[in-house]
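Reader: I am new to this structure. Please take one stretch of the surface and describe it closely, then say how it compares with charged pairs elsewhere.

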Amino acid sequence: MGYLTVLPALALAGLMLGALGMLLSSLIKQLENFAGVMNFVIFPMFFASSALYPLWRVKESSPWLYYACAINPFTHAVELIRFAFYQKIAWDSAAAVLAYTSVFLIAAIRAYDPAKGLLTRKGG
């Protein structure tokens, strides 16, 4: 019965990360620049999330890091999945993941340039 909470949490987190990937891919002009994005965007977001340490433990150690973690989209995705494995729903994380998904998806759609699409490159 645990899959009833885990699968939607994984799907929602995957949608959010996919929308973030679409946004980043629409902003990056060359594939070689993606290494810089990995080093300066994705890795800090991962390390400043609750993936390595629980959020309550981060709050005990450093208040400013806790607030950085609290606004991090990765934190809410991790918390949503973590609670889902215990068959609970973290409503605040679910709302945050939905909000971040919407923002990333709308920004990716607005940043997409159809003039540089696949059909234009092939000449068709």
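**The loop at Tyr53 and helix H3**

Author: Tyr53 sits in the loop that links helix H2 (34–47) to helix H3 (55–61); helices are DSSP runs (H or I, at least four residues), numbered from the N terminus. The model is predicted, so local features need pLDDT of at least 70 and side-chain atom pairs pLDDT 80 or more, while totals for chains, interfaces and linings use all residues. Residues are numbered from 1 along each chain as its sequence is written, and side-chain values use heavy atoms, without hydrogens or water.

Tyr53 has a relative accessible area of 55%, so it is exposed (over 50%; buried is under 20%, partly exposed in between; 1.4 Å probe, protein chains only). Together with Phe43, Phe46, Phe47 and Leu52, Tyr53 forms a nonpolar surface patch of about 530 Å² accessible area (Shrake-Rupley method). Patch members have over 30% relative accessible area and no salt bridge, with nonpolar side chains joined within 5 Å and like charges within 9 Å.

In helix H3, Arg57 and Glu60 are three residues apart, about one turn. Their side chains meet in a salt bridge of 2.7 Å, N to O (a Lys or Arg side-chain nitrogen within 4 Å of an Asp or Glu carboxyl oxygen). Arg57 is partly exposed at 45%, and Glu60 is exposed at 53%.

The whole structure holds two salt bridges. Glu79 and Arg82 also meet in one, at 2.8 Å, N to O. They too are about one helical turn apart, being three residues apart in helix H5 (residues 73–85). Here Glu79 is buried at 10%, whereas Arg82 is partly exposed at 27%.

Definitions and conventions:
Areas by Shrake-Rupley, 256 points an atom, 1.4 Å probe, with all protein chains shown as cover. Helix = DSSP H or I, 4+ residues; strand = E, 2+ residues; numbered from the N terminus.
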